[in-house]
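User: I would like to learn how to read a few features of a protein model. Please give the general idea each time, then the case at hand.

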Amino acid sequence: PPLQNAELGKRAPRWIRDNEVTMCMKCKEPFNALTRRRHHCRACGHVVCWKCSDYKAHLEYDGNKLNKVCKDCYHVITGCTDSEEKKKKGILEIESAEVSGNSVICSFLQYMEKSKPWQKAWCVIPKQEALVLYMYGAPQDVKALATIPLLGYAVDDTPRSADLPHSFKLTQSKSVHSFAADNEELKQKWLKVIHLAVKGETPECQNELQVN
C-alpha cells in the first residue's frame, strides 16, 4: 500500500516500476526518450518526470541524507509553502493574473508565427522582467504558451498588405513574430515599450501604460 503522509521519508517506499507507467504520476505529461526521462521519488516511490523530481529533502530512512523527491512529498516533508518554491518555477510557470497585475503593459493582441493563422493571445510584459514578452491563451491562464526575450530584436511597424491593420513585427535572424493590436493607439503603446526593451532599457512611465 502507498505510504501515508506521516510515514513519508521515515520508511522506504515501494518503487513503482518504470514499465508500469507511460506518464509522469504528478503532472501527467507523457514520458518520451529524450525530454522526459523517468525518475523515482525516493519518498513515495512514484515515477515522475525531471520537472516534478527537481526537489530534495532529508529522508529519515536513509540516515537523513538529501534525496530526490517529488514536489508533493517535498511539501509534506519540509513543510515549505508554495511562495518559497516559486523561486524554483520554470520561466513559463508564472501565472498570468500574477504578472498582469504587476506589468508594464498587458492586453490582447493578435499573434502570427510563420505562416500559421492569426490567433488571439493575452500578452504581458511584467515589471520584474521588462525585457520579456509573455504570451498566454487567456488572462487567467496559469502557464504561458511562450515567452519572447525582446533584447536584440528588430522592430518593423509597417504592415504589409496581407497583414492585419495596426500590426508590427519582431524579427531576429530567422525568427519572425507578428503582432496586431485592435487599434492604432494600443499599437503605439506596445511599440513604445518594445522599442525600449529591444535595446535593453526599461520604461519609466509604467503606470500610464497599463491597458485594461
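User: Which side chain meets glutamate 113 in a salt bridge?

Analyst: A salt bridge is a side-chain nitrogen of Lys or Arg within 4 Å of a carboxyl oxygen of Asp or Glu. Here the partner of glutamate 113 is lysine 116, at 3.5 Å from N to O. Before going on: this is a predicted model, where local features need pLDDT of at least 70 and side-chain atom pairs count only at pLDDT 80 or more, while totals for chains, interfaces and linings use all residues. Residues are numbered from 1 along each chain as its sequence is written, and side-chain values use heavy atoms, with hydrogens and water left out.

User: Is glutamate 113 buried, partly exposed or exposed?

Analyst: Buried means under 20% relative accessible area, exposed over 50%, and partly exposed in between (1.4 Å probe, protein chains only). Glutamate 113 has 25% relative accessibility and counts as partly exposed.

User: How many salt bridges does the rule give?

Analyst: The count is seven. One of them joins arginine 17 to glutamate 20, with 3.7 Å between N and O. Arginine 17 is exposed at 52%, and glutamate 20 is partly exposed at 40%.

User: What does aspartate 72 pair with?

Analyst: Aspartate 72 forms a salt bridge with lysine 26 (3.3 Å, N to O). Aspartate 72 lies in helix H1 (residues 71-78) and lysine 26 in the segment before strand S1 (39-40), so this pair ties together parts that are 46 residues apart in sequence. Both ends are partly exposed: aspartate 72 has a relative accessible area of 40%, and lysine 26 has 24%.

User: How many helices and strands does the protein chain have?

Analyst: Helices (H or I, at least four residues) and strands (E, at least two) are DSSP runs, numbered from the N terminus. The protein chain has four helices and eleven strands.

User: How many disulfides does the structure hold?

Analyst: A disulfide is a pair of cysteine sulfur atoms within 2.5 Å. The structure has zero.

User: What share of the protein chain is buried?

Analyst: Of its 212 residues, 36% are buried.
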